[in-house]
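Here are my notes on the aromatic side chains, as numbered points. Please read them with the structure open.

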Amino acid sequence: MTLFEVWAPRARRVRVEVDGRMHPMTAGPGGWWRAEVAADPVARYGFALDDDSPVLPDPRSARQPDGVHGRSALYAPDPAQWTDSGWTGRQLAGSVFYELHVGTFTPEGTFDAAIHRLDHLVDLGVTTVELMPVNAFNGVWNWGYDGVLWYAVHEAYGGPDGLQRFVNACHARGLAVALDVVYNHLGPSGNYLPRFGPYLSEGRNTWGQSVNLDGPGSDEVRAFIIGNALRWFGEFHIDALRLDAVHALVDRRAIGLLEELAAATEALSARLGRPLTLIAESDLNDPRLITPRAAGGYGLQGQWNDDLHHAVHTAVSGERQGYYTDFGSLRCLADTLRHGFFHAGTYSSFRGRVHGRPLNTAVVPGSALLAYTCTHDQIGNRALGDRPAAYLTDGQLAVKAALILGSPYTPMLFMGEEWGARTPFQYFTSHPEPELAAVVAAGRRAEFADHGWPATDIPDPQDPATFERSKLDWSERESPSHARLLACYRALISLHRTHPGLADPRLNRLAVEYDEDARWIILHRNDVHIACNLADHPVDIPITGTPLLAWSPIDQHPGHTTVPAHSFAVLETAAPLPH
């Protein structure tokens, strides 16, 4: 017999359909309904609420073979298929992340196809593969942030069995796996959760109704979320979760969801005997997220750091539009490198108010902040989805990489960045409903029209060509210029991971010098120094030492090094310089 259960406090009657046969369910405490039914291990099933309801998928469905509107299927990962019994995990400090979208990482767009590219990541020096969301969403291709069945794995990628094979393959190569999860909203198509219970609140965020984290019935909603997170860690052997847009979580409880999740994750980590990592995406610049609970924080291990991205990108590219307005100077870049956040109780002109809080570098190491030159957001939310390689020189790309990989922060790459991929990463959807598809396409055009982009230039998210254009072209790696940048990334990552002066995550061991007019900046990391020339002509930078790596040939003289335009040099001295 198989126990079927569902939380449906709003229903007066609930039945479960199992392989076409309907069975009554019994109401229990707290709005839970249960029934024991003889069922095949892979039976299709769904729930009918009250008398006029269609059969709906299970909110905790582990598999949706026919899409998010179809019947659920019983599923559990086969314990006999796990081959990673010797895997002991990987902590955040010392890691190098690599963000990828399963559907566009390879031409096939599946977990199994991605496995064949893992050796490239190992050779690159990556330690952790971060998957954009793989939860079930409506349609065939999507960024994944429109998920509606959080416990199920998107079938087009290979479903839950494909994810299990992918995790096995990563762990066999010494790679940890991080998974992007979305708990701040649900997608617009296939969200049946409100039929079952008060999963949503009256408030709204950027993407729709907020999830009910603090209203009546929210105990079960929070248990639903925490159970989902722990399931990825336990059943699928995931090593880290990236929590999407936690600033959009509306939670007024004394003990917030994030703190509760951190405590539950810590307990599971102790039981499993391997590190489990929670990484927030947050627009708040609030260091309490990554401050240990013993020190009054929420206890998450890491956070994406958009300020550092903005500081590096604007300094190198010269872009100043939108939220880049306050960034761009070398002073801004130096301050952000030293302190983690640029807006830390300072005025943000883009927001029109004071923003952020200072980071206590004595409590929080630099490794708790993830640093990057680009992400899916920073590329895909540009009007054309163009990568930095489309408008920067290879030398400028190398300088950006040196600033990130030479910093005390945990670096993250976005797929293809390492060879300067020219393929765009555009915003794509495949909503089957024509009216929803039209709304999404119109909204995208209107958003960028406000910034002066002609509507005809904006790619239609629903056009299959938009998705196809966004797939990586792996043959690019073979051209000399791409191969040169790839070799540079490999060398920088190797230095970042293995050189004691660069592997040190302590922010108090970083000093920064710069010349705003001459456009050079130096990161002093113990006995290693990253000298970057952001100007379009050679400059003399006041540092000398043993060259460990350079993008272009340098020329050393007493007291200074001549670094070519849009280039960098990594130099080692016999001892740390006084600062």
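1. A cluster held by ring pairs takes in Trp-141, Trp-143, Phe-414, Phe-425, Tyr-427, Phe-428 and Phe-467. Please keep in mind that this is a predicted model.

2. In total, the structure holds 25 aromatic pairs. One of them joins Phe-105 and Trp-474, with 5.2 Å from centre to centre and 80° between the planes, an edge-to-face arrangement. Phe-105 belongs to helix 1 (residues 102–105), while Trp-474 is in the loop between helix 13 (464–469) and helix 14 (480–498); the pair therefore links distant parts of the chain, 369 residues apart.

3. Are the two partners buried or exposed? Phe-105 has a relative accessible area of 0% and is buried. Trp-474, at 6%, also counts as buried because the cut-off is under 20%.

4. A second pair is formed by Tyr-323 and Phe-350: the ring centres are 5.9 Å apart and the planes meet at 90°, so this pair is edge-to-face. Tyr-323 sits in the loop between helix 8 (306–317) and helix 9 (330–339), and Phe-350 in the loop between strand 19 (346–348) and strand 20 (353–355), so the pair ties together parts 27 residues apart in sequence. Tyr-323 is partly exposed, at 36% relative accessibility. Phe-350 is partly exposed too, with a relative accessible area of 49%.

5. Charged groups over rings also deserve a line. Trp-474 has the charged end of Arg-117 over its ring, 4.2 Å from the centre. Arg-242 lies over the face of Trp-304, 4.0 Å from the ring centre.

Conventions
Residues are numbered from 1 along each chain as its sequence is written. This is a predicted model: local features need pLDDT of at least 70, side-chain atom pairs count only at pLDDT 80 or more; totals for chains, interfaces and linings use all residues. Side-chain values use heavy atoms; hydrogens and water are left out. Rings of Phe, Tyr and Trp (its six-membered ring) pair if their centres lie within 6.5 Å; planes under 30 degrees apart count as stacked, over 60 as edge-to-face and the rest as tilted. Helices (H or I, at least four residues) and strands (E, at least two) are DSSP runs, numbered from the N terminus. Buried means under 20% relative accessible area, exposed over 50%, partly exposed in between (1.4 Å probe, protein chains only). A charge sits over a ring if NZ of Lys or CZ of Arg is within 6 Å of the ring centre and within 35 degrees of the ring normal.
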